[in-house]
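I opened this entry to note what I looked up around the ligand and in a pocket. My entries follow the structure.

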Amino acid sequence: MASIAYSDRADATEATLPRAFRVTSHRAETRDTVTLELEPEDGTPLTFLPGQFTMFYVFGVGEVPISISGDPHHPATLVHTVRSVGAVTEAIVGLSVGDGVGIRGPYGVGWPVAEAEGKDLVVVAGGIGLAPLRPVVLDVLARRDRFGVVSIIYGARSPGDLLFEHELHLWRSRFDMETEVTVDRSDENWFGDVGVVTGLLPRVSFDPANTVAMLCGPEIMMKVVANEMALRGVGAENMHVSVERNMKCAIGFCGHCQFGRDFICRDGPVLPYARVAERLRVSQL
Ligand SMILES: Cc1cc2nc3c(=O)[nH]c(=O)nc-3n(C[C@H](O)[C@H](O)[C@H](O)COP(=O)(O)OP(=O)(O)OC[C@H]3O[C@@H](n4cnc5c(N)ncnc54)[C@H](O)[C@@H]3O)c2cc1C
Ligand code: FES
């Protein structure tokens, strides 16, 4: 069995030490989700690739993986969009401007944006899944001429659950990008689509032989969308999904996030669908 060299231990210690950040902005997205802007106490920006995540530590409560939802071209501000589902995320959502937190990372393999250059791009997000994909959209829009047809399909439970509403309006008004939005349940103020995201797929055009798809949301949603895209001729190797598993170390040491032969913190969270399709058929216990 391979032993860990002292230099590896030093690297590991370094990689697991949180840096001090302070909350500079707190914006409610929905009734249970906020977007926080944070700045590092030491002034060193946290540069990242779209799809990477940090380990977000609320002192005295705990630490959880959270994707970076900000603009990769403006790393001076770290942006996280968090939905309250349990103890730590509830504490994050309850933070106020001026509060201090610990951040380590960025970690993980991000979306293959470089691979999508010169090709059509289809982005499909469900619920909080738009948060890890927002950096992709901002990056693509900053370099729009490098990509072919760009389409975004976003679904949420209800109109009140839509994230980044202001930006969604801006994206929908652009002529160089198709943005489709749907909700599971409508209300009296909603005049848009109702139904699952797959219902909107026929509306977006792309060249199946020259398309990269990025999917993030509930696993069932990603599987159904991937099947539909496959029926339209997109190869499983050109579809990418973001897989979530509980994490502890986030640096490939503890095995907490193991998913078959992959450690999600190190080999993911973004993985080619071709690599994980079989494993995603087995529900998470
Ligand atoms: C790579 C990665 C990126 C993530 N990015 C974001 C993000 O940008 N925004 C965001 O709001 N959340 C994100 N999450 C999910 C977030 O980490 C969990 O919601 C959080 O760990 C829950 O911790 P808690 O203490 O609040 O709740 P807990 O008490 O630990 O859990 C509450 C409920 O959530 C479930 N749960 C816990 N962790 C996960 C998980 N990783 N995946 C699915 N269900 C889980 C539990 O089974 C339980 O039902 C991400 C997770 C991963 C792995
Ligand atoms: S969280 Fe420890 S190996 Fe992934």
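**Ligand 1 and its shell**

The model I am reading is a predicted one.

I noted that strand S4 (62-67), strand S5 (78-83) and helix H2 (87-93) each supply at least two residues of this shell. In total, 19 residues surround ligand 1, and I listed the closest as Pro65, Thr81, Arg83, Thr89 and Asn246. By class, I found 11 nonpolar, five polar and three charged residues in the shell.

Next I looked up polar atoms beside the ligand. A polar side-chain atom of Thr89 lies 2.4 Å from an oxygen atom of ligand 1. For Glu244, a polar side-chain atom lies 3.1 Å from a nitrogen atom of the ligand. At Ser67 I found a backbone N or O atom 3.0 Å from a nitrogen atom of ligand 1. On its own, ligand 1 has 870 Å² of accessible area, and the protein covers 69% of that.

**Second largest pocket**

I then turned to the second largest pocket, which holds about 280 Å³ of space. Its lining has 15 residues, and Arg27, Glu37, Val79, Arg134 and Glu167 are the closest to the pocket centre.

Which element gives the most to this lining? I found H5, with three residues. Strand S2 (33-40), helix H4 (130-142) and helix H5 (165-172) each supply at least two. I counted the lining by class as seven charged, five polar and three nonpolar residues. Domain 1 (12-107) and domain 2 (114-242) each provide at least three residues of the lining.

Notes:
Residues are numbered from 1 along each chain as its sequence is written. Chains are lettered from A and ligands numbered from 1 in the order in which they are written. This is a predicted model: local features need pLDDT of at least 70, side-chain atom pairs count only at pLDDT 80 or more; totals for chains, interfaces and linings use all residues. Side-chain values use heavy atoms; hydrogens and water are left out. A residue is near a molecule or strand if one of its heavy atoms lies within 4 Å of it. A polar contact is a pair of N or O atoms within 3.5 Å; within protein, one must be able to donate a hydrogen and the other to accept it, and residues adjacent in sequence count only if both atoms are side-chain atoms. Accessible areas come from the Shrake-Rupley method with a 1.4 Å probe; for residues, only the protein chains shown count as cover. Helices (H or I, at least four residues) and strands (E, at least two) are DSSP runs, numbered from the N terminus. Ala, Val, Leu, Ile, Met, Phe, Trp, Tyr, Cys and Pro count as nonpolar, Asp, Glu, Lys and Arg as charged, and the others, Gly among them, as polar. On a 1 Å grid over the protein atoms alone, a cavity is a set of points where a 1.4 Å probe fits but cannot get out, and a pocket is an open set with protein on both sides within 12 Å along at least five of seven lines; lining residues have an atom within 4 Å of a point. Grid points are joined across faces, edges and corners, and a volume is the space filled by probe spheres set on the points. Domain bounds come from an automatic or database domain assignment.
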